[in-house]
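Please walk me through this structure, with the cut-offs behind each term. Plain paragraphs will do.

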Amino acid sequence: RYHWTTVKEKVAAAKGERFANPSPYKEYFNVEMTTKEDQEFLGELFEKMKAEAAEMKDPQAKKALEDFIAKQSVPAIGGKHVFAVEKALSDQIFATANAIFVAVKNSKEQGMTDEQVKTWLEKEGKDIYLNVSKKWLTEYIKANAEVEKDVQFMKDFFRSEKNVPGRTKADVLKEMWALLPEVMGKPVPPIDEGLLESMSKLPATDPEHFQHPWGTAEKLYK
């Protein structure tokens, strides 16, 4: 994941763009419903997510967001909702809330009344928070889906390795060499006989690294 994330971050940076941090590390939050407004706010956030999922073109990212939404619910007043949120995502959402808090603090220092602050928070402030949070969420899910797709490709590649008794690295090289003219669009010189002879002494599969867990395992533990 780190490898593919780093690659995608560099590609995005070269284009003057940003690739969201797709780290799957989670944090858990208990959200208690104390008022009707809390319920409405959470419900609106989920509805915005549903609308965003409906417009997504990437099937993997679309499914990831739909699966996330399907696990959510708006609890009754007095109830609690436990969010398992990826830290990379929650950090951005909290930063958004903090930016709104700082903007309100500065506005009050410049003369905005408590009533004006309340009105702004209930309308513009709320919309800003919902829309920006939705943006962070959809960007995260899209980035996470992209990286997971590449991770799965890499695992499938390493899992496809076959251990054929008696096969040598020279056999593998000859098979690859036979494909080169088609790939390069021109003839290739013959393989050096000395190289073939030395490689014919090496087994095609290294027993110590065959189906190595670093390339095939779903999880690696310390």
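This is a predicted model: local features need pLDDT of at least 70, side-chain atom pairs count only at pLDDT 80 or more; totals for chains, interfaces and linings use all residues.

Residues are numbered from 1 along each chain as its sequence is written, and side-chain values use heavy atoms, with hydrogens and water left out.

Met154 belongs to helix H5, residues 114-159. Helices here are DSSP runs (H or I, at least four residues), as are strands (E, at least two), numbered from the N terminus. With a relative accessible area of 32%, Met154 is partly exposed; buried means under 20%, exposed over 50%, and partly exposed in between (1.4 Å probe, protein chains only).

Side chains of opposite charge can pair when their charged atoms come close. A salt bridge is counted when a side-chain nitrogen of Lys or Arg is within 4 Å of a carboxyl oxygen of Asp or Glu, and the whole structure has 14 of them. One of these joins Arg1 to Glu148, with the closest N and O atoms 2.5 Å apart. That pair links distant parts of the chain, since Arg1 is in the segment before H1 and Glu148 in helix H5, 147 residues apart. Another is formed by Lys126 and Glu44 at 3.0 Å, N to O. It ties helix H5, which holds Lys126, to helix H2 (residues 36-55), which holds Glu44, across 82 residues. Lys8, Lys142, Glu146 and Asp150 are linked in a salt-bridge network.

Within helix H4, Glu109 and Lys105 lie four residues apart, about one turn of the helix, and form a salt bridge of their own. Glu109 is exposed at 57% relative accessibility, whereas Lys105 is partly exposed at 44%. Ser90, also in helix H4 (residues 87-109), is buried at 3%. Beyond its neighbours within four places in sequence, Ser90 contacts Glu27, Phe29 and Val85, contact meaning heavy atoms within 4.5 Å.
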